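Colleague: I am new to this one. Please take me through one part of it closely.

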Amino acid sequence: MYREIMAKTLTGKGKINQVIEKELFISNDISKTLGCWIINLKHEIIRENLDIFVKGSYDIQLWYALNNNQKSEVYNETIEFYEKVNMSYRDLKVIDNEIYTKVYVPKYPSCTSMELDENKKIKLRIEALYY
């Protein structure tokens with residue numbers, strides 16, 4: 001007597017170490033930057049044959065001071081991304097052709113550096129990690 005046992009197994013994995021450097025010009029009256037928050041991360045997986053892509057967006061909220069620190073405002077912008085995942089596959093011997101994908105975000109997007117240069121441009125560095 002024979003029995004067939006089917007199980008789901010990990011056949012491949014991938015990683016995206018995302019680093020975005022962005023320059024913003026908001027106003028000539030900026031005296032200093034006060035803080036930066038990244039919120040509303042949305043992402044989805046797109047599969048094209050064996051290529052896996054992560055498509056998504058998040059919002060940047062930049063808090064800054066104006067008029068020699070007399071007033072403050074918040075700047076909002078949505079950043080969209082579409083990145084290919086560097087995949088490594090073990091063995092693709094499968095019963096059916098259905099490949100299930102899942103994304104895990106151990107490090108949500110965060111602003112790791114922010115500086116205001118002499119031309120009143122704000123330079124941001126945003127880092128994120130996706131598995």
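Start with one residue. Leaving aside its neighbours within four places in sequence, which residues is Gln-18 in contact with?

Modeller: A word on the model first. It is predicted, so local features need pLDDT of at least 70 and side-chain atom pairs count only at pLDDT 80 or more, while totals for chains, interfaces and linings use all residues. Residues are numbered from 1 along each chain as its sequence is written, and side-chain values use heavy atoms, with hydrogens and water left out.

Now Gln-18. Beyond four places in sequence, Gln-18 is in contact (heavy atoms within 4.5 Å) with Tyr-58, Phe-81, Glu-83, Ile-126, Glu-127, Ala-128 and Tyr-130. Gln-18 sits in strand β1, residues 12-25. Strands (E, at least two residues) and helices (H or I, at least four) are DSSP runs, numbered from the N terminus. Gln-18 counts as buried because its relative accessibility is 2%. Buried means under 20% relative accessible area, exposed means over 50%, and partly exposed lies in between (1.4 Å probe, protein chains only). The Gln-18 side chain also makes a polar contact with the side chain of Glu-83, at 3.1 Å. A polar contact is a pair of N or O atoms within 3.5 Å; within protein, one must be able to donate a hydrogen and the other to accept it, and residues adjacent in sequence count only if both atoms are side-chain atoms.

Two strands pair if DSSP finds at least two bridges between them. β1 runs antiparallel to strand β7 (residues 121-130), over ten bridges. Lys-22 has Leu-124 as its bridge partner in β7. β1 is also joined, again antiparallel, to strand β5 (residues 86-89) by four bridges. There, Gly-14 is partnered by Met-87.

The structure holds seven salt bridges, each a side-chain nitrogen of Lys or Arg within 4 Å of a carboxyl oxygen of Asp or Glu. In one, the closest N and O atoms of Arg-125 and Glu-21 are 2.8 Å apart. That pair links distant parts of the chain: Arg-125 is in β7, Glu-21 is in β1, and 104 residues separate them. Arg-125 is partly exposed at 28%. Glu-21 is exposed at 60%. Another salt bridge joins Glu-23 to Lys-121, with closest N and O atoms 3.9 Å apart. Glu-23 belongs to β1 and Lys-121 to β7, so this pair ties together parts 98 residues apart in sequence. Glu-23, at 47%, is partly exposed. Lys-121, at 34%, is partly exposed.

Arg-125 has a further salt bridge, to Glu-127, at 2.9 Å between the closest N and O atoms. Salt bridges with shared partners join Glu-21, Lys-107, Arg-125 and Glu-127 into one network. Glu-127 is one of the residues in contact with Gln-18. Glu-127 is buried, with a relative accessible area of 17%.

Phe-81 is also on the Gln-18 contact list. Follow it to strand β3 (residues 51-66), which holds Ser-57. Not counting residues up to four places away in sequence, Ser-57 touches Phe-81, as well as Asn-40, Leu-41, Lys-42, Thr-78, Ile-79 and Glu-80. Ser-57 is buried at 16%. Among the contacts of Gly-56, with neighbours within four places left aside, are Lys-42, His-43 and Phe-81. The C-alpha atoms of Gly-56 and Glu-80 are 5.8 Å apart, though 24 residues separate them along the chain.
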